[in-house]
Amino acid sequence: MSDHLLEIKNLKITVATRRNVLNLVDNLTLAVKKGEILGLVGESGAGKSMTGSAIIGLIEKPVKISGGEIWFKGKRIDQHPDEVRGHEISMIFQDPMMSLNPLWRIGDQLIEVITTHMNISHQDAIKKAKHCLVEVGIDPSRMNAYPHTFSGGMRQRVVIALALAPNPSLVIADEPTTALDVSIQAQILDLLKQICKTRGTSIILITHDMAVISQTTDRVCVMYSGRLAEIGITKEIMAHPQHPYTKGLVASTPQIDASSFEKMLYQIPGSMPALDNIPSGCAFHPRCEHAHDKCRAERPEVLSNRAACWLLDANEGQ
Ligand code: SF4
């Protein structure tokens, strides 16, 4: 039996404009194993958040899933995401203040989520709400506090408690630390790792930050222009990136060692292409120092089981 909790096969997400149809996610295939943290990384516009939204069914017209399949626990969910949203798959957003109702006490918000998704009594829901707060490091005596009385980091802990309350098997965390101070970021990332370990919950961590990927995830999927650029075990990719885009992301990540203070950080030249102007062939070719004629003409799919780049084509030059 497959140990995959989630499988995405050839996912295509598009938006129709007056002139043409734009690809937001283009032929994406990946899987999430039980109890692992998978990172989705790339610059803005890479399609990371759109992929997360598609999994949990938060895509709204005119954007639509126009191809491919999403499977969760052996059941196809892309046409019926409401059957799993909330109780089986939950989401943590970037800004905790936007996720919490400022007029409700946090205990009431937790109890509402629990009673909506679980068939338990109000008394048991109160016990569970307190337990969830303890799990994320908040004193349960604060059940009656309002969101504005918490710091940014503590509010994000409340949001994590809300996401965990119905005991989901998969949590999608979309830039959960971007709005926080660096020291608080580390605490929240440690908390996510701890939850993954103790509960066996799988996590999809969406971020643009390679340092966060390196600290937190088991495997990483690098996305570019809505396409998969490289996927594999995080340690291996950080040590030996294959795709030139991944190499650029790794090289532009600050390292804390003596030599890094003496040299400038690498910058990937150029920027992510606009959706209505995605280059032919390999979408990365205008920014790639290794680009050759084939790159401009033909789109590479994943070669060498890991990266989508013609440099890895064993038939090249034969
Ligand atoms: Fe660079 Fe070509 Fe590889 Fe694209 S396919 S990343 S342009 S070498």
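Q: What volume does the second largest cavity have?
A: In this predicted model, the structure holds 2 cavities of 30 Å³ or more. The second largest cavity is lined by Ile92, Ile160, Ala163, Leu164, Val171, Leu192, Ile195 and Ile203, and the classes of these lining residues come to 8 nonpolar, no polar and no charged. The volume of the second largest cavity is about 30 Å³.

Q: Are α5 and α6 roughly parallel or roughly antiparallel to each other?
A: Helix α5 covers residues 152-164 and helix α6 covers residues 182-199, and the two pack with their axes 10 Å apart at an angle of about 20 degrees. Their crossing is right-handed. Angles under 35 degrees count as roughly parallel, and α5 and α6 are therefore roughly parallel.

Q: How do the residues of the contact of α5 with α6 divide into nonpolar, polar and charged?
A: From α5, the residues Gly153, Gln156, Arg157, Ile160 and Leu164 meet Ile184, Gln187, Ile188, Leu191, Leu192, Ile195 and Arg199 in α6. By class, the residues of this contact divide into 7 nonpolar, 3 polar and 2 charged.

Q: Which element gives the most to the lining of the largest pocket?
A: About 450 Å³ of space lies in the largest pocket, and of the 18 residues that line this pocket, Met91, Phe93, Ser99, Val113 and Leu162 are the closest to its centre. At least two residues of the lining are supplied by each of β6 (89-92), α3 (106-117) and α5. With 5 residues, the element that gives the most is α3.

Q: Which element gives the most to the lining of the second largest pocket?
A: The second largest pocket holds about 330 Å³ of space, and among its 21 lining residues Leu228, Ala229, Glu301, Val302 and Ala308 are the closest to its centre. The elements that give two or more residues to this lining are β2 (21-33) and β10 (227-233). With 5 residues, the element that gives the most is β2.

Q: How many charged residues does the lining of the largest cavity have?
A: The largest cavity, with about 90 Å³ of space, is lined by 13 residues, of which Pro244, Cys282, Cys288, Cys295 and Cys309 lie nearest its centre. By class, this lining has 10 nonpolar and 3 polar residues, and the charged residues number none.

Methods. Residues are numbered from 1 along each chain as its sequence is written. This is a predicted model: local features need pLDDT of at least 70, side-chain atom pairs count only at pLDDT 80 or more; totals for chains, interfaces and linings use all residues. Side-chain values use heavy atoms; hydrogens and water are left out. Axes are lines fitted to C-alpha atoms, for helices over the stretch in contact, and angles run from 0 to 180 degrees between N-to-C directions. Helices (H or I, at least four residues) and strands (E, at least two) are DSSP runs, numbered from the N terminus. Angles under 35 degrees count as roughly parallel, over 145 as roughly antiparallel, 65 to 115 as roughly perpendicular and the rest as oblique. A crossing is left-handed if the near helix is turned anticlockwise from the far one by less than a right angle, and right-handed if clockwise. Contact means heavy atoms within 4.5 Å. Ala, Val, Leu, Ile, Met, Phe, Trp, Tyr, Cys and Pro count as nonpolar, Asp, Glu, Lys and Arg as charged, and the others, Gly among them, as polar. On a 1 Å grid over the protein atoms alone, a cavity is a set of points where a 1.4 Å probe fits but cannot get out, and a pocket is an open set with protein on both sides within 12 Å along at least five of seven lines; lining residues have an atom within 4 Å of a point. Grid points are joined across faces, edges and corners, and a volume is the space filled by probe spheres set on the points.
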